[in-house]
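Biologist: I would like to go through this model with you, one topic at a time. Could we begin with the terms you use for its elements?

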Amino acid sequence: MALPSLFDNLRLPVIGAPLFIISGPELVIAQCKAGIVGSFPALNARPQSQLDEWIHQITEELAAYNRDNPDQPSAPFAVNQIVHRSNNRLYEDMETCAKWKVPLMITSLGARVEINDAAHEWGGIVLHDVINDRYAHKAIEKGADGLIPVAAGAGGHAGTTSPFALMQEIRAWFDGPVALSGSIASGAAVLSAQSMGADLAYIGSAFISTKEARANDDYKQGIVDGKADDIVYSNLFTGVHGNYLKKSIVNAGLDPNNLPESDPSKMNFGSGGNTDAKAWKDIWGCGQGIGNIDEVLSAGDLVAKFKREYDKALERIKGLAG
């Protein structure tokens, strides 16, 4: 199945994943201008009224860019909605998205028919993130247009299934849009995601270290210095298992090698669970692919680096095939 025409302007088959606290209009606009989908969580806009301001800013700046660059227009942007029942802003945020007819919605932590139906009413496309094949079936049954398999090694809330296994199971029954997530932080990894059957790669952690990201300097440097061994998988901080940068756990006075288990029935996406540290603010979400990130770049320069790596990997594959 071909990707919807919404993705026609991509210069690299990538969605910049929504990063809690980190993604704002500056990063989204830079990603879209560079030719990949830029996204942000609706909950990053605080107070709620700021969401309208952010989408207005993104829409206006990208429209102006497109007028000035008709031969190389921007990619579309996306808004991420946490559809878990604990999000008491969800319906108000959806009304704002409807006002602006947001082209792409990314939904997380539960699939809900009424949210998908609402997006479809204004012509939006919905991609839902999942950590296994069972949840993938549920998402499509409830009206999502496509899937984001969050495989082992992805930053933040992530699953434990190999991307090879997860893509294999999903493609056995689903031929719609799929954006694969999990340790993707290079152009070669983007091509690898496509070779496994994904249409797009879903990249988050690499963009935390960009100049436009709303991360503090220590967080960005942690991404630059970090490797796969510096990532810790735990459910302590939100009640849901996720991957975090070891340095931030140490900074919070905790032993990353001896973290207790949290009660998953008491999910809290803003606190540190049984700690005084706050998830995302003090405990930094991060995926295992960051070994390829060795300096702080602008988002545009990072996408250009990925494109060079992608083209080089593609030439190598052509050479092997030839």
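Modeller: Helices (H or I, at least four residues) and strands (E, at least two) are DSSP runs, numbered from the N terminus. Please keep in mind that this is a predicted model.

Biologist: With that settled, where does P47 lie?

Modeller: P47 belongs to the loop that runs between strand β2 (38–41) and helix α2 (49–68).

Biologist: What kind of peptide bond joins R46 and P47?

Modeller: The bond between R46 and P47 is a cis peptide bond, with omega at about 5°.

Biologist: Staying with the backbone, what is the phi of I21?

Modeller: Phi is near 75° at I21, a positive value in a residue other than glycine. I21 sits in the loop between β1 (14–16) and α1. At 36% relative accessibility, I21 is classed as partly exposed.

Biologist: And what about the phi of W280?

Modeller: W280 also is not a glycine, and its phi is positive, at about 75°. The loop between α10 (246–251) and α11 holds W280.

Biologist: Is W280 buried or exposed?

Modeller: W280 has a relative accessible area of 12%, so it counts as buried.

Biologist: Now to charges. How many salt bridges does a search of the whole structure find?

Modeller: The search finds nine salt bridges. One of them is formed by D52 and K99, whose closest N and O atoms are 2.8 Å apart. D52 lies in helix α2 and K99 in helix α3, so this pair ties together parts that are 47 residues apart in sequence.

Biologist: What is the relative accessible area of D52? And of K99?

Modeller: D52 is partly exposed, at 23%, whereas K99 is exposed, at 55%.

Biologist: Which residue forms a salt bridge with K305?

Modeller: The partner of K305 is E309, and the closest N and O atoms are 3.0 Å apart. K305 and E309 are four residues apart in helix α11, which means that about one helical turn separates them. K305 counts as buried, at 14% relative accessibility.

Biologist: And which residue forms a salt bridge with E315?

Modeller: E315 pairs with K318, with the closest N and O atoms 3.9 Å apart. Both residues lie in helix α11, three residues apart, about one turn of the helix. K318 is partly exposed, with 49% relative accessibility.

Biologist: What about the surface: which residues form a positive patch?

Modeller: R85, R134, K138 and K142 form a positive surface patch. R85 is in the loop between β3 (77–82) and α3 (90–100). With a relative accessible area of 66%, R85 is exposed. Patch members must be over 30% in relative accessible area.

Biologist: One last region. Where is H157 found, and how far apart in space are H157 and T238?

Modeller: H157 is part of strand β7 (residues 156–157). It counts as partly exposed, at 22% relative accessibility. H157 and T238 are 81 residues apart in sequence, and the C-alpha to C-alpha distance is 9.1 Å.

Biologist: What is the place of T160?

Modeller: T160 lies in the loop between β7 and α6, and it is exposed, with a relative accessible area of 60%. The C-alpha atoms of T160 and N132 are separated by 8.7 Å, with the two residues 28 apart along the chain.

Conventions: Residues are numbered from 1 along each chain as its sequence is written. This is a predicted model: local features need pLDDT of at least 70, side-chain atom pairs count only at pLDDT 80 or more; totals for chains, interfaces and linings use all residues. Side-chain values use heavy atoms; hydrogens and water are left out. Patches are made of residues with over 30% relative accessible area and no salt bridge: like charges are joined within 9 Å, nonpolar side chains (Val, Leu, Ile, Met, Phe, Trp, Tyr) within 5 Å. Accessible areas come from the Shrake-Rupley method with a 1.4 Å probe; for residues, only the protein chains shown count as cover. A salt bridge is a side-chain nitrogen of Lys or Arg within 4 Å of a carboxyl oxygen of Asp or Glu. Lys and Arg count as positive and Asp and Glu as negative; His and the chain ends are not counted. The place of a charge is taken as NZ of Lys, CZ of Arg, CG of Asp or CD of Glu. Buried means under 20% relative accessible area, exposed over 50%, partly exposed in between (1.4 Å probe, protein chains only).
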